[in-house]
Amino acid sequence: MSSTSDTRTAPSSQQPRPGALDRYFHISERGSTVGREIRGGVVTFFAMCYIVVLNPLIIGTVPDSTGHFLGGGTEPNLPAVAAGTALVGAVASILMGAWAKFPLALATGLGLNAYLAYSVVALPGMTWGGAMGLVVLEGVIILLLVLTGFRRAVFRAVPGFLKTAIAVGMGLFIAFIGLFNARFVTSGTGVPVQLGVNGSLEGWPTAVFVFGLLLMIVLWVKKVPGAILISILSTTIVAVLLEAVLKIGVFVPADGKSSGNPTGWSMNVPALDLSAFALPDFSTVFEADPIGGVTALGVVGASIVVFSLLLADFFDTMGTMVAVASEAELVQEDGDVPHSQRILVADSAAAILGGVGGVSSATSFMESATGVGEGARTGFASVVTGLCFLATVFLSPLVALVPYEAATPALVLVGFLMMTQVTDIDFSDLSVAIPAFLTIILMPFSYSITVGMGAGFIVYVLLQLVQGAGRRIHPLMYIIAGMFVLYFLRGPLATLIS
């Protein structure tokens with residue numbers, strides 16, 4: 001299935017010879033155009049630029065065991081964390097696009113940053129510099145695994161149906177992220193999630209989200225070129241006008257002292273700011289201290305932290321690469337992805353960049369699929385996304401102009417497009433259907449790509465063994481399943497070791 005709204009035509013012998021940019025990125029060869037790549041890159045940026053605001057709120061507001069915050073000082077330095085986040089996203093995305101030539105953008109990964117903030121830096125003797133040093137160590141190890149061919153070999157050992165299940169599961173996952181971040185669904189009282197506020201849709205921000213989603217769907221069905229980008233920009237304009245007139249403000253949960261602002265904007269308030277330009281503060285850059293991190297936790301403790309980071313990075317990127325390649329119709333007949341080795345090297349280097357930049361491990365973003373949905377097929381789109389991040393280093397107020405409610409409808413639409421691949425899974429074969437099912441449902445239900453993949457891999461190996469078909473399993477699948485077992489039990493194991 002093609003997910004682009006444009007009609008693709010193969011270049012004929014009578015067409016002019018492609019330019020250097022086209023030839024380098026294989027733009028025409030992959031059925032794309034420079035215009036589509038630019039649109040796709042910008043759409044991907046809008047879908048993931050929330051990380052520039054969200055990452056500082058996660059890792060910039062938690063002191064380490066010494067009472068100091070990221071970037072130095074005894075008070076939060078959120079502008080420095082935002083600048084570092086944007087810089088790392090820019091360098092990593094440009095590296096992926098220019099070298100690996102794949103439409104995959106990167107930035108600080110959610111989950112890993114929360115793990116550092118809430119589980120690592122509070123440990124006795126641990127500093128933010130030490131924590132980022134452990135991120136650098138994790139990145140170096142995963143890079144070595146790529147350079148030795150182990151990471152790519154693991155990718156090739158995964159059965160095709162599991163790769164499809166990963167793509168479908170991630171489609172549901174990003175759709176859920178879109179609905180939750182826009183507060184179309186929220187944490188409920190007595191139930192895990194609910195519709196809107198107390199089971200009802202309320203507030204202008206929710207109306208903006210619904211408007212953006214319906215507009216995007218209509219434009220997509222009508223095959224309007226640039227449907228996703230048009231919807232994001234149009235919805236942002238509506239949001240800015242509403243905020244200017246109604247002064248809606250940011251979402252504030254109710255507590256015992258006040259009713260809060262339960263119908264406010266999810267995070268970014270779309271208010272015009274005349275002071276858009278600001279000189280960046282790079283206080284987080286080059287603060288990583290690997291030796292300090294190991295010294296604070298000891299070899300065993302540091303190894304557990306590094307292993308936890310490594311396993312999540314190792315498989316999250318693999319799943320994201322498969323899903324984006326499937327959506328872009330770039331998966332080859334042998335199940336491999338073009339330039340897969342370079343993709344994995346660039347992603348591993350990004351983990352190191354995140355630690356050096358002092359903003360947590362950078363990883364591939366599933367939101368890249370929104371750019372693919374807009375027509376992107378090459379690394380030029382990732383370069384465009386990286387350049388947008390680079391501008392954000394200086395123009396962060398303009399990025400904050402786009403609220404979740406305007407950007408997240410793209411995640412819902414692309415989630416639908418990715419889910420359509422479920423028809424490629426043979427559900428009549430239980431040894432295939434059950435691992436695929438667990439992979440698909442546990443990604444959104446556990447809010448973790450790694451958990452979904454791990455459950456699917458373990459159950460697949462188990463079912464093959466009980467059916468006497470163990471010889472058909474690639475030997476690396478046993479290693480992967482064993483690693484996931486250790487990952488799921490890392491809490492009890494850490495307690496046992498300590």
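Gly67 is partly exposed, with a relative accessible area of 32%. In this report, buried means under 20% relative accessible area, exposed means over 50%, and partly exposed lies in between, computed with a 1.4 Å probe on protein chains only. The structure is a predicted model, in which local features need pLDDT of at least 70 and side-chain atom pairs count only at pLDDT 80 or more, while totals for chains, interfaces and linings use all residues. Residues are numbered from 1 along each chain as its sequence is written, and side-chain values use heavy atoms, with hydrogens and water left out.

**Residues in loops**

Gly67 belongs to the loop between helix 3 (50-59) and helix 4 (78-100). Helices (H or I, at least four residues) and strands (E, at least two) are DSSP runs, numbered from the N terminus. Not counting residues up to four places away in sequence, Gly67 touches Gly73 and Thr74; contact means heavy atoms within 4.5 Å. Gly67 and Val121 are 54 residues apart along the chain, and their C-alpha atoms are separated by 10.0 Å.

Val197 is placed in the loop between strand 3 (193-195) and helix 9. With 14% relative accessibility, Val197 counts as buried. Its contacts, leaving aside neighbours within four places in sequence, are Glu202, Pro262 and Thr263. Val197 and Pro262 stand 65 residues apart in sequence, with 7.3 Å from C-alpha to C-alpha.

Thr408 sits in the loop between helix 16 (404-407) and helix 17 (409-419). Thr408 is buried, with a relative accessible area of 4%. When neighbours within four places in sequence are left aside, Thr408 is in contact with Gly178, Asn181, Ala182 and Phe209.

Two further loop residues concern the backbone angle phi. Lys247, in the loop between helix 10 and helix 11, has a phi near 50°, a positive value in a residue other than glycine. Lys247 is exposed, at a relative accessible area of 62%. Glu329, in the loop between helix 11 and helix 12 (340-356), has a phi near 60°, again a positive value in a residue other than glycine. Glu329 is partly exposed, at a relative accessible area of 38%.

**Pairs of helices**

Axes are lines fitted to C-alpha atoms, for helices over the stretch in contact, and angles run from 0 to 180 degrees between N-to-C directions.

| Helix pair | Angle | Axis separation |
|---|---|---|
| Helix 5 (112-120) and helix 6 (128-147) | roughly 135° | within 11 Å |
| Helix 9 (204-221) and helix 10 (227-246) | about 155° | 9 Å |
| Helix 19 (449-466) and helix 20 (475-488) | roughly 130° | within 9 Å |

Angles under 35 degrees count as roughly parallel, over 145 as roughly antiparallel, 65 to 115 as roughly perpendicular and the rest as oblique. A crossing is left-handed if the near helix is turned anticlockwise from the far one by less than a right angle, and right-handed if clockwise. For residue classes, Ala, Val, Leu, Ile, Met, Phe, Trp, Tyr, Cys and Pro count as nonpolar, Asp, Glu, Lys and Arg as charged, and the others, Gly among them, as polar.

Helix 5 and helix 6 are oblique to each other, and their crossing is right-handed. Leu116, Ala117 and Val120 of helix 5 meet Trp128, Ala131, Met132 and Val135 of helix 6. This contact of helix 5 with helix 6 has seven nonpolar, no polar and no charged residues.

Helix 9 and helix 10 are roughly antiparallel, with a right-handed crossing. Residues of helix 9 in the contact include Trp204, Phe211 and Trp220, and those of helix 10 include Ala227, Ile228 and Leu246. The residues of the contact of helix 9 with helix 10 comprise 15 nonpolar, four polar and no charged.

Helix 19 is oblique to helix 20, and the two cross in a left-handed manner. Among the residues in this contact are Thr450, Phe457 and Leu465 of helix 19 and Met477, Phe484 and Phe488 of helix 20. The contact of helix 19 with helix 20 contains 16 nonpolar, two polar and no charged residues.

**Nonpolar cores**

A nonpolar core is a set of buried Ala, Val, Leu, Ile, Met, Phe, Trp, Tyr and Cys residues joined through side-chain atoms within 4.5 Å. The largest such core has 125 residues, and those with the most contacts inside it are Ile59, Phe102, Trp128, Ile228, Phe457 and Met477. Helix 11 (residues 290-327) gives the most to this core, namely twelve residues. Another core, of five residues, lies apart from it and includes Val208, Ala239, Leu242 and Ile248.
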